[in-house]
Amino acid sequence: MSGTRRPRSVLWAVAVSATTLAWLVPGAAAAAGAASPGAALPHDVTLLNSPSDTGASDISNLGGGGWTVQSSAVATQSGAQISTPGFNTSTWLPVANDDAGAPGTEIEALAQNGKCPGDTALQPVNQDTSGPSSVFFSTNMQLCYGSMSKIGPDTVSQFSVPWWWRTDFTPNLQAGQVATLIVNGVVGSANVWVNGTEVATSATVTGAYTRFTFNLTNLVAGTNSLAIEVNPNDPTSMFTLDNVDWTQIPPDNNTGIQFPVQLQVDGALAVGNSHVNQSDAADLSSAALTVKTDVTNNTTAAQTATVTATITPPNSGTPITVSQNVTVPASTTQTVSFAPGGFPSLTIASPQIWWPYQLGAQPLYTLGVTVAQGSTQYNSTTGTFGIRTVTSHLIGSNGIEPSGARAFQINGVPIVIRGGGYDPNLFLHYSAADTAKQIALMKNMGLNTIRLEGHIMPADWFQQMDAAGILVNGGFQCCDAWEVGGTLTQAQLNVLQNSAQTIGTNLRNHPSVFSFQWSDNQPSSQQESVSITGFTAADFYPQTSLIASAEYKSTATLGVSGEKEGPYDWVPPNYWYDTTHLGSDSTVTNAGAAWGYDSEESAGDTIPTLDSLNRFMSASDESNLWQNTKFNQFHLNYEPRCKTGYAFGTLCHFDTALSSRYGAWSSLSQYVEEAQAQDYENTRAQFEAFIAHANNTPLPSTGTIYWQMNKGWPSMLWTLYNSDGDQAGSYFGAQEANRSLHAIYTLDNGTVTLDNLGNTTQAGLSVEAKVYNLAGAVLDDQTASNISLTSQQVLTGVLTPKVPTSPVQTYFVELQLKQNATLVDRNVYWLSTQPDVVNWSKTLGQPQGTLSQYANLTGLQTLPASSVSATASTVNQAGPDGADRATTVTITNTSSATVAFLLRADVRRGTAGGQELSGDNELQSSLWQNNDITLFPGESQALTVTWNSADLQGATAVVSVSGWNVPKIDILA
């Protein structure tokens with residue numbers, strides 16, 4: 001037994017979550033109202049406001065029966081009055097908890113009730129992904145709630161005052177029990193009242209990722225009322241959150257309650273903060289597990305009890321149970337450890353190893369902990385963890401990164417990080433179903449990593465990532481209070497340490513979480529010190545890598561970050577392949593080509609399909625989209641000007657490249673079609689370059705995080721898929737690049753590279769490279785055979801296709817990768833003998849590229865009309881995200897001498913005769929493997945899609961096929 005003892009605290013929970021279920025405080029301390037020995041937890045308390053799966057039998061989420069919310073400009077009474085049981089809230093806004101168990105923000109309260117104060121003619125509004133009644137449609141959010149144009153204090157009058165959240169609860173305390181209120185941070189700061197008594201002020205309760213506990217034992221009896229007055233969020237002075245320049249600024253600054261407010265009811269003793277530290281053999285042949293838990297004595301006398309920990313292997317294996325007797329002094333929390341030296345069964349031979357999904361399975365062990373005195377059992381905790389080893393190091397060097405680049409190995413396997421930045425719902429509403437849908441989209445696209453910048457998600461989100469095998473890089477926010485300047489006050493240091501310990505506690509046993517980092521700036525010495533203290537207290541660090549910055553910066557303790565960031569706006573596809581232009585900026589910002597590790601970068605704007613655009617844009621919005629390149633599109637962000645530098649509210653850079661490379665457009669549909677091509681080639685190039693350069697010397701490419709993967713509302717800025725699940729050109733370009741077995745035409749030296757991102761050796765491979773002209777005639781045809789690729793192998797220089805060099809013309813390169821004569825990957829490039837030429841002196845250090853010459857792809861506009869045929873076959877088959885149908889669509893280019901360019905298929909609601917229904921008929925549950933394909937004369941390709949039959953709404957499934965130069969056809973699915 002180890003004996004770390006702590007007195008109980010009323011300020012915040014030192015004894016934090018027992019499990020990998022985040023935002024829980026089993027065994028949190030209570031300062032008054034000591035319990036009597038033998039006072040166990042009544043069974044009915046676990047049903048308080050159920051369902052409430054907190055991972056601890058003594059903790060329940062409050063507000064399960066609903067909250068009421070109101071502005072203090074309307075509710076002018078005192079906190080003592082508002083928190084008195086029976087206070088009349090009949091005119092307040094009723095609000096339900098989301099799937100995280102939290103009531104959410106001010107706008108969430110208004111939107112749940114269909115309220116649009118700024119334009120009541122729009123009421124009732126909703127938060128759907130489409131339609132003129134959605135707050136996300138066109139400028140409805142601005143019309144309803146106002147707008148802000150700068151990150152900082154809230155300037156919208158209705159949100160510049162405090163708002164109240166109120167709920168009732170009935171703990172049914174038995175004699176000798178202790179009741180504790182747990183506030184898991186707020187977005188803003190808060191005064192907390194219970195039954196007419198102020199239990200905490202905003203001087204204490206602040207921080208989006210903090211945790212505070214307050215003893216209520218002497219305050220509660222019968223039905224009780226909790227009222228929380230949340231002061232307006234100011235992310236420039238509070239350690240909270242914001243969206244930087246990612247979206248429009250939520251007009252309420254996300255002020256509200258993002259995570260559950262909880263009630264903990266305990267008897268004489270309670271366990272909490274239970275977790276597992278692991279030490280794995282280098283060859284993964286064994287794992288030595290140390291179990292830790294905190295035991296809190298809520299009485300005024302020392303207590304002796306038995307603490308039992310049980311580890312249950314995946315798939316109902318034989319449990320490992322260990323126990324020890326402990327004596328805990330009065331009013332004290334004591335850490336109890338079970339180490340392999342004293343409990344040999346905690347060294348597991350041949351453990352089941354957790355892997356990222358492309359490398360293996362995701363077995364999860366379960367840890368359960370209890371405390372008992374004789375036959376009296378008190379509370380219990382439960383949670384999951386995975387056994388895996390992550391190593392992080394610096395590799396290689398070049399003239400601008402002398403210490404090398406950040407690189408990672410998972411279970412000893414070096415991997416190229418291929419991920420995207422994650423953006424939560426704009427109003428912080430958490431949906432478990434939406435998370436599941438996005439996981440399906442991510443895995444279908446082939447990405448292996450998510451970066452969280454400043455938005456730490458709820459427990460369920462991390463549990464789903466664990467189960468899905470998706471790696472998570474967590475981190476603090478840039479460009480606000482988290483980027484500390486000057487000397488910090490003790491109060492600020494307390495919030496930073498609290499935040500680090502809370503975050504570390506909630507993330508430490510999630511195998512998906514492989515690193516955590518600061519953003520643009522490295523932490524100040526004060527910030528680093530208290531943060532490391534917090535992370536260490538949580539047993540999160542040094543077990544998990546802490547990285548000093550997303551740029552090439554360092555601290556004395558954490559060392560060199562080994563990362564860079566940028567660009568963020570349009571650059572050409574061949575930009576990603578450059579290895580000779582490094583720039584002179586020691587932070588390596590906006591030098592984003594495929595060398596080293598880039599923590600956030602992309603070519604900027606991504607245009608959704610017409611189906612998706614019609615869901616969130618008005619006719620006026622769409623008119624401006626294709627006719628006014630400098631228009632500040634609401635669904636970009638709040639920066640109105642077109643300029644060089646950091647301003648992303650217009651499409652001017654994207655559109656200049658589009659018209660220069662592909663030619664002018666004369667309609668919305670033509671603009672969208674061209675944009676699909678440009679987005680496809682660029683996202684593909686970014687990921688392919690980082691894969692192709694994985695073995696480069698002197699500095700390999702080790703990772704790229706696409707900025708950003710998603711958005712929490714409909715968007716055209718930095719998305720690989722839209723919030724409605726729309727899969728446009730950006731999605732399919734990324735999907736093509738990230739296939740497990742893949743052929744790449746490298747844009748730096750014109751050779752063919754093969755890669756195997758799977759977990760086993762792949763033999764019997766052959767690759768054929770064909771070069772075509774615009775008429776579909778073959779100009780070159782080469783094949784390489786008898787190839788074998790080990791796991792993670794990147795094989796360069798396999799073929800060198802002979803491509804035209806003059807005159808100026810557009811041509812195609814087609815790669816077909818086969819395994820034992822079966823096609824496994826088909827990759828088509830459209831290129832020009834007049835390439836993009838970057839003006840590096842004007843580009844390096846800027847978020848967008850400046851070109852001295854654009855590629856000439858205008859020949860694509862001269863493609864003659866082509867014709868295709870299509871067949872579809874549908875089976876009943878379970879699939880990702882609740883899909884119950886799978887359709888194979890085979891498309892054939894039936895022309896003899898024309899290329900069918902950028903063919904797209906969609907599943908739609910239709911009639912039994914095979915015609916589409918009018919209106920928004922695309923099935924948003926569709927998940928495609930392959931799309932936006934190009935076929936040469938006589939060629940066929942099969943596409944597959946899964947979908948949910950309930951999405952048909954009683955209609956018949958119809959598949960549409962159309963392309964750049966191919967009119968739409970419809971067939972029955």
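## A buried cysteine to start

Cys-144 counts as buried, with 1% relative accessibility (buried means under 20% relative accessible area, exposed over 50%, partly exposed in between, using a 1.4 Å probe and protein chains only). The model is predicted, so local features need pLDDT of at least 70 and side-chain atom pairs count only at pLDDT 80 or more, while totals for chains, interfaces and linings use all residues. Residues are numbered from 1 along each chain as its sequence is written, and side-chain values use heavy atoms, with hydrogens and water left out.

## The partner of Cys-144

Which residue does a disulfide join to Cys-144? The partner is Cys-116, with an S to S distance of 2.1 Å (a disulfide is a pair of cysteine sulfur atoms within 2.5 Å). The torsion about their S-S bond is about -100°, so this disulfide is left-handed. Cys-116 is also buried, at 0% relative accessibility.

## Two further disulfides

By the same rule, the count comes to three disulfides. Cys-478 is joined to Cys-479, S to S 2.2 Å, and this link is left-handed, with -80° about the S-S bond. Buried or partly exposed? Cys-478 is buried at 5% relative accessibility, whereas Cys-479 is partly exposed at 41%.

Cys-642 and Cys-652 have their sulfur atoms 2.1 Å apart, and their link is right-handed, with 95° about the S-S bond. Here Cys-642 is partly exposed, at 33% relative accessible area, and Cys-652 is buried at 3% relative accessibility.

Counting bonded cysteines along the chain, the disulfides follow the pattern 1-2, 3-4, 5-6.
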